[in-house]
Amino acid sequence: MKKTYLLILAALMLTFMFASLGVARDADTLIVVQESEPVGLDLMRSSLQNTMSVCYNIHDTLFFPQEDASIKPALAEKWEKVDDMTWKITLRKGVTFHNGEPLNAKAVKFSFDRVFDPEIKCPHKGKLSAFKEIKVLDELSFEIKTAKPFAPGLYMLGIYLPIVPPDYIKKVGNTKYNTDPVGCGPYKLAKWVRGESVILERYENYYGPKPYYRKVVFKTVPEATSRVAALLTGEVDVISGIAVHQRKKILESGKAYLTSQMGVMPYLGINTYEPPFDDVRVRQAVNYAINRELINKALFNGKAILCNGPISPRTFGHAPDLKPYPFDPAKAETLLKEAGYPNGIEVRLAYPTYMSQIQEQVEAIAANLAEAGIKAKLEPFERAVMWQRYKGKKHQLYVYWWDDAPEPDRYMYSLFNSKSRDYYYKNETIDVLLDLGRTIIDRAERAKVYNEIDRILYKDCPWAYLYVIPEVFGVSNKVFYEGDRDGFLNMRWAKPKN
């Protein structure tokens, strides 16, 4: 009875909230709810999943990335490999930005150069750093060159190089562009009310197939049970961030269904630059101290995939022969004593409050660590503070996550190559191998390099390796939508169910 009452109360509150914002619930409007609000709408300036999901509806890239890390045409109509370090790419004719500005090869060059503009502070520039330059050939054609062969090059362009309008940005500046962007994607920005909603309208001159919905409204509901309640009462159409134990409720409701998307790979990051974690034995102790199997059963109904290293078991190049660290608190205590900490250690464990099931996870991890003599003080931070402290190297232990992506360079280079972020770990051998992994075209030979990276980092433990949580979106029975492997809510593919 109490649960029913709370569900009804939550539904009434959500009904009032959506009605008070004047969000139309007609057949032409799709309402999407995420865990957190976008930090901005310039795709070049954020790597946060919920922000990028909104942005991919406004912006377009040269290619559509596929689930096997291949590509299909988007803004680029055709391409050819000139040599191992050069591609010639030809754009579609007649494509325009939302303000009517033409999309041409000069716009592509402007966009590429902007990624590396220090003012932008683009978090994706490390992923595109293998590219050296773009040379405009004519109105619709250009060459893009790399300093060395770059195996995942076109795939990475398809994710991290949104094409933006040069004239508009030069006129309004980068700051205004982050709040009032003009893209070339299937939807254009109608209105962004901070703290309430991002309202998008269909761009009628879009070059590709027109989206089915005239309007898409992205809203933020931080509380997971409230998102589920809104879906089941018909207030919203699509939700993300569904805790595993709530998925059964959706499946049994008869009102909505679950569609898979890319999993998330939470990890326990470690500041290896400062004591006590500058000692590899202490980092290994942390790995032995965590009972991954019990956490998986208790929080994820046994559906999570235990990680045996930093490369997801579902990602090309992982080393399948490695075994996840076993739960062995006695071994962890022994390692701490060998490192000079016979009485254990006290540490700080930071985590972002908006992450799904995060409180349950960190409490379980902290309890495990305590058994091995590692007393963790929990430090919850809201999104912006967590990110700023992360970049400022303020964390000691911290939980973050990355996408369970099919292409290892997409996250391994960013997180472990010291030329990319260099926040908490540096290993010259890993730097060399990550650079090498990018240059090998042969897939089998390339896999060997990433296998070696996996093995080295398995022993060196810059993280405590946890698990991959297969993620899902909740979708109303009135809507047909299949989640993409990239995990973004790209609503151009959504349509009414017949």
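## The largest pocket

The 33 residues around the largest pocket divide by class into 12 nonpolar, 10 polar and 11 charged, where Ala, Val, Leu, Ile, Met, Phe, Trp, Tyr, Cys and Pro count as nonpolar, Asp, Glu, Lys and Arg as charged, and the others, Gly among them, as polar. The model is predicted, so that local features need pLDDT of at least 70 and side-chain atom pairs count only at pLDDT 80 or more, while totals for chains, interfaces and linings use all residues. Residues are numbered from 1 along each chain as its sequence is written, and side-chain values use heavy atoms, with hydrogens and water left out.

The volume of the largest pocket is about 880 Å³, a volume being the space filled by probe spheres set on grid points that are joined across faces, edges and corners. On a 1 Å grid over the protein atoms alone, a pocket is an open set of points with protein on both sides within 12 Å along at least five of seven lines, a cavity is a set of points where a 1.4 Å probe fits but cannot get out, and lining residues have an atom within 4 Å of a point. Nearest the centre of the largest pocket lie Lys 121, Cys 122, Pro 123, Lys 125 and Tyr 423. Helices α13, α14 and α15 (428–439) each supply at least two residues of this lining, and α13 gives the most, with 5 residues; helices (H or I, at least four residues) and strands (E, at least two) are DSSP runs, numbered from the N terminus.

## The second largest pocket

The second largest pocket has a volume of about 490 Å³. It is lined by 24 residues, of which Phe 64, Pro 65, Gln 66, Asp 484 and Trp 493 are the closest to its centre. Strands β2 (63–65) and β3 (71–73) and helix α4 (153–160) each supply at least two lining residues, and the lining as a whole divides into 10 nonpolar, 6 polar and 8 charged residues.

About 210 Å³ of space lies in the second largest cavity, where Ser 47, Leu 48, Gln 49, Trp 401 and Trp 402 are the closest to the centre among 18 lining residues. Here α2, α13 (383–391), β17 and α14 each supply at least two residues, β17 gives the most, with 4, and the lining divides into 11 nonpolar, 3 polar and 4 charged residues.

## Packing of α14 and α16

Helix α14 (residues 409–416) packs with helix α16 (residues 443–460) at an angle of about 45°, their axes lying 13 Å apart; axes are lines fitted to C-alpha atoms, for helices over the stretch in contact, and angles run from 0 to 180 degrees between N-to-C directions. That angle makes α14 oblique to α16, since angles under 35 degrees count as roughly parallel, over 145 as roughly antiparallel, 65 to 115 as roughly perpendicular and the rest as oblique.

In this pair, Asp 409, Met 412 and Phe 416 of α14 meet Arg 446, Tyr 450, Ile 453 and Leu 457 of α16, contact meaning heavy atoms within 4.5 Å. By class, the contact comprises 5 nonpolar, no polar and 2 charged residues.
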